[in-house]
Amino acid sequence: MKLLALMAAAFALGGCTTVLLPPNVTPVVAKTMSVPEAQRKLDRVKTERAAAEAGYAASEQLCYARFFVNNCLDAAKEKRRSTLAMLRAVEVEAELYERKAAVEQRDREVARAIREFEAEEARLAAMAPPPPREVAAPRRAVPKPALAGRNAKRAARQAEGAAEAPRDAAKRAANVVAFEQRKRESEERQKEVAAKKAEKAAKAAQPPAK
């Protein structure tokens with residue numbers, strides 16, 4: 001545990017390339033506390049990964065000029081492996097934090113939209129209807145059959161629309177939540193595919209052991 005803590009501290013201070021991580025030890029990195037911090041970590045990983053690859057290429061050239069070529073190459077490979085392993089651990093932790101933060105933000109936005117919708121519905125339902133105006137009684141006490149039929153149909157349509165409004169509102173809210181869930185799952189799958197491709201590319205870039 002003490003060795004892991006020392007390696008994590010060295011990486012946090014930017015000195016990860018000087019620490020050799022044993023193959024059987026899982027890298028330990030500091031937890032990310034904000035989205036900007038996660039982005040800074042990812043940017044640093046890209047820069048230091050490129051530097052590690054360039055340093056390994058330069059070390060190879062120097063090793064071929066030495067007497068103990070194999071020992072020199074083995075040391076260079078081990079340094080490169082250890083550096084890339086630590087960088088990958090930081091990258092995975094930062095990406096995981098970004099995905100979690102994005103999911104939580106979308107959940108908050110959906111919850112806020114639902115609360116606002118329900119509050120507006122409650123406000124409209126609580127509004128008292130305006131008092132009816134007094135209208136002089138018509139000369140004909142009994143309306144014409146055609147006019148009475150139209151009035152009845154209009155009242156039925158209004159009653160049907162009022163009954164369907166809450167169902168439509170609930171359906172719209174459910175559709176919003178389902179859409180956000182599908183979008184979130186799609187983005188997570190894309191992130192995972194990209195991470196696997198990057199990892200395969202890093203493995204393929206490693207020269208065969210001599």
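1. Cysteine 63 and cysteine 72 are joined in a disulfide, with 1.9 Å between their sulfur atoms. The model is predicted, and the disulfide count for it comes to 1. The torsion about the S-S bond is -70°, which makes the link of cysteine 63 and cysteine 72 left-handed.

2. Helix 4 spans residues 145-205 and contains arginine 150. Glutamate 187 has its place in helix 4 as well.

3. Arginine 150 is one of the residues in a surface patch of positive charge, together with Lys153, Arg154 and Arg157. The relative accessible area of arginine 150 is 47%, so this residue is partly exposed; the exposed class would need over 50%.

4. Glutamate 187 has 30% relative accessibility and so counts as partly exposed. Which distance separates the C-alpha atoms of glutamate 187 and arginine 99? The value is 8.7 Å, although glutamate 187 and arginine 99 are 88 residues apart along the chain.

Methods: Residues numbered from 1 in each chain as written. Predicted model: local features only at pLDDT ≥ 70, side-chain atom pairs only at ≥ 80, totals over all residues. Heavy atoms only, no water. Patch = residues over 30% accessible without salt bridge, like charges linked within 9 Å, V, L, I, M, F, W, Y side chains within 5 Å. Areas by Shrake-Rupley, 256 points an atom, 1.4 Å probe, with all protein chains shown as cover. Salt bridge = Lys/Arg side-chain N within 4 Å of Asp/Glu carboxyl O. Lys, Arg positive; Asp, Glu negative; His and termini not counted. Charge placed at Lys NZ, Arg CZ, Asp CG, Glu CD. Helix = DSSP H or I, 4+ residues; strand = E, 2+ residues; numbered from the N terminus. Buried < 20%, exposed > 50% of the residue type's maximum accessible area, 1.4 Å probe, protein only. Disulfide = S-S within 2.5 Å.
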